[in-house]
Amino acid sequence: YQSGNLAIIITREGDQLTCIVQEDEPKTAKIRALFQSDGRSTCYYPNGDEWINMSMQGGQYLDQAGNRVRRWIWPNLSPGPHVPLSPIFISLNRYVGVRILAQDKIFISFLAMGRQAKFNMGTKVQVSAASQLPPPARLGEDELLLLAFRVRILQLFDRMRGCLNFPSSEQWNKMQPPTYLMTQAVKILELCMAADISDELRSSIRAIVN
């Protein structure tokens with residue numbers, strides 16, 4: 001950055017390339033985006049919430065409340081007719097932008113002091129290899145617990161907002177949580193059913209999100 005802080009880090013480990021975009025901060029800089037040459041990428045809002053998440057299969061775009069705005073499957077992995085991916089452009093900050101045009105055209109652009117650097121971190125999975133894609137990684141106990149506690153904390157914040165909006169009424173206590181939180185709770189329970197965890201832990205997670 002113009003401040004002298006490190007903006008973009010690119011590393012190589014074997015055939016794997018990783019591109020990390022950091023915020024313009026002198027110490028403990030936040031990670032604003034992470035791109036990997038195997039097709040996995042994530043962009044984050046300034047507060048750390050997930051903004052865009054992509055894999056070899058497709059991707060999703062979330063708003064700041066956690067609601068899914070868009071979801072897509074890469075055309076070469078989707079049989080039959082498909083809806084073309086509308087280009088996505090986001091600004092991580094005033095210097096770094098991300099443009100998503102296709103699976104093999106994911107550009108990170110960096111502009112500072114009148115000069116621009118552009119990196120293409122897209123990748124292409126051949127149709128013939130689609131049937132051999134590895135299954136989605138199953139989450140471990142720690143990840144499932146973290147997801148459950150995150151949903152629980154968001155539920156509590158929502159109830160606090162209800163209490164502040166209706167301080168003299170008990171109506172807020174009867175209000176249902178937002179739809180996106182209910183959806184996330186259901187997804188976590190589905191992940192628990194597929195995960196290799198104990199019944200005791202599965203019951204604990206169910207109690208946390210419910």
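I began at Leu62, which stands opposite Arg68 in S7. Strands here are DSSP E runs of at least two residues, and helices are H or I runs of at least four, numbered from the N terminus. I am reading a predicted model, where local features need pLDDT of at least 70, side-chain atom pairs count only at pLDDT 80 or more, and totals for chains, interfaces and linings use all residues. Residues are numbered from 1 along each chain as its sequence is written, and side-chain values use heavy atoms, with hydrogens and water left out.

Next I looked up the partners of S6. S7 (residues 68-73) runs antiparallel to S6, with 5 bridges joining them; strands pair if DSSP finds at least two bridges between them. I found Ile52 opposite Tyr61, and a hairpin of 3 residues joining S5 to S6.

Is S6 enclosed or open? I noted that 5 of its 5 residues (58-62) are buried, so S6 is largely enclosed by the rest of the structure. Buried means under 20% relative accessible area (1.4 Å probe, protein chains only). Gly58, Gln60 and Leu62 lie on one side, Gly59 and Tyr61 on the other.

Last, I turned to the helices. The axes of H2 (residues 179-194) and H3 (residues 199-209), lines fitted to C-alpha atoms over the stretch in contact, come within 10 Å and cross at roughly 180°, on a scale from 0 to 180 degrees between N-to-C directions. That makes H2 roughly antiparallel to H3 (over 145 degrees).

Definitions and conventions: Buried means under 20% relative accessible area, exposed over 50%, partly exposed in between (1.4 Å probe, protein chains only). Angles under 35 degrees count as roughly parallel, over 145 as roughly antiparallel, 65 to 115 as roughly perpendicular and the rest as oblique.
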